[in-house]
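Please look over the model below together with these notes, which are written for someone meeting it for the first time.

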Amino acid sequence: MYKGKRKYIEIWQKVEIAEFYIQHQNEMSMRDVAAKFHVNSFSSISEWVNKLDELKKSVKSDKKLKLESFTQFPELEKELVHWFTAIREQGIQVLRSTIEEKAKSLAAEMGLARFGCGDKWWQGFRTRNNLSFRKINASSIKPIEKEAELVRQYLDDLASLLPQFVPSNIYNFDETRFDWDVKSKFTYDFKGTQRILGVQSAKMNHFITVMLMIRADGEKMPAALLIFQEKNGQIPNLVRERLNIPENVIIKSNKSGYISDQILNDYLRTILRRENQLLIYDQAGSHKTIMISNAISDLDATKIVIPGGCTKYLQPLDALVIANFKSKTTDFRIKFQTEQIERRSKRTGNLKALDRQQLINIASKAWDAVSPQLVRKSFELTGSYGVNHPKIFSHQVNMKKLII
């Protein structure tokens, strides 16, 4: 009953512990009783013994409240709970005012003129039905109905398209963002330290966008596209001339740091050759412009667009590759910062940030380190591989539920 030391002990537990001590005080010390019931401080037991009569009255009061916790309008409350459950299953937020308005509406429909929707009723309703005010920490469930129908249609379309293409002509492209430097609001420090100091990197809030493309036969397209966020939209000429850019990296820049349809257009036309090929991609805004449609048409490619909200189930890059790539970039950056942890800016005292060349090298190494086996597995897991009908992937237990 009393496993582990607790900061809070119920009143009835305090009474039980105090009475146990009184009965066994000749055999056990107060410290022994505290250890037996896992009480943090044995002096608390002394306080409970002295206030035992008051504690017993409190217990009786609590029990009386629990016995009187009933409603005069059970049918109304039954309907109200049914409505509340249905609304929350849809992910719709419900406030106290919303519940009270619905209760008044139900009371009017049932002809319950005596119903009063005051604070006492609200507290009783909340207690009886175990409601609490919670912070939202998850998005509403998707896909539902319309989205599920889109998923079914996507899988049907994919099944009809795959036999027309060999694995070496099935592509998936997508972009991801990662921070320029590893950053954290947390640090290890010694227990008892009152002031937890922290320094920042000069690029603490800067990021780059990386465009990646993979192929169903396990090949990574030879160049990862890195888009730098630059104040004037361009990397300074003197800086760019000094950069040593590996063969598996392409460098672009703009003011936002995000991909644009012009950058994506240039990338597709640079990487892909004109032939019969299938392009799988999501519904990001930069993917749906007229410029990109024209580029895909000029490349003699067929496209299939993943329904919104379903990329984590259907997009090969999201299945394994992007997570693996970002994990490797983080490993390389942490190693760099560990080696250079004593480097500090003389002007600000902050840690010196990675420069562009170092970041390019990290991205190049991380892209090289992504294995062909991982790429093939990503296509297999999402049913986007080979020339056969796509199998329903093993990790898609959730997906199956969504499209039933």
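**Notes on the salt bridges**

1. E77 is buried, its relative accessible area being 8%, where buried stands for under 20%, exposed for over 50% and partly exposed for what lies in between (1.4 Å probe, protein chains only). Its partner in a salt bridge is R128, at 3.0 Å from N to O, and R128 counts as partly exposed at 26% relative accessibility. A salt bridge here is a side-chain nitrogen of Lys or Arg within 4 Å of a carboxyl oxygen of Asp or Glu.

2. This is a predicted model, in which local features need pLDDT of at least 70 and side-chain atom pairs count only at pLDDT 80 or more, while totals for chains, interfaces and linings use all residues. Residues are numbered from 1 along each chain as its sequence is written, and side-chain values use heavy atoms, with hydrogens and water left out.

3. The structure holds ten salt bridges, and one of them joins K56 to E19, with the closest N and O atoms 3.1 Å apart. Because K56 lies in helix 4 (residues 52-67) and E19 in helix 1 (residues 11-24), the pair ties together parts that are 37 residues apart in sequence; helices are DSSP runs of H or I with at least four residues, numbered from the N terminus. K56 is partly exposed at 33%, and E19 is likewise partly exposed at 28%.

4. R269 and D298 also meet through their side chains in a salt bridge, at 2.9 Å from N to O. The pair links distant parts of the chain, with R269 in helix 10 (residues 261-271) and D298 in helix 11 (residues 290-298), 29 residues apart.

Definitions and conventions:
Helices (H or I, at least four residues) and strands (E, at least two) are DSSP runs, numbered from the N terminus.
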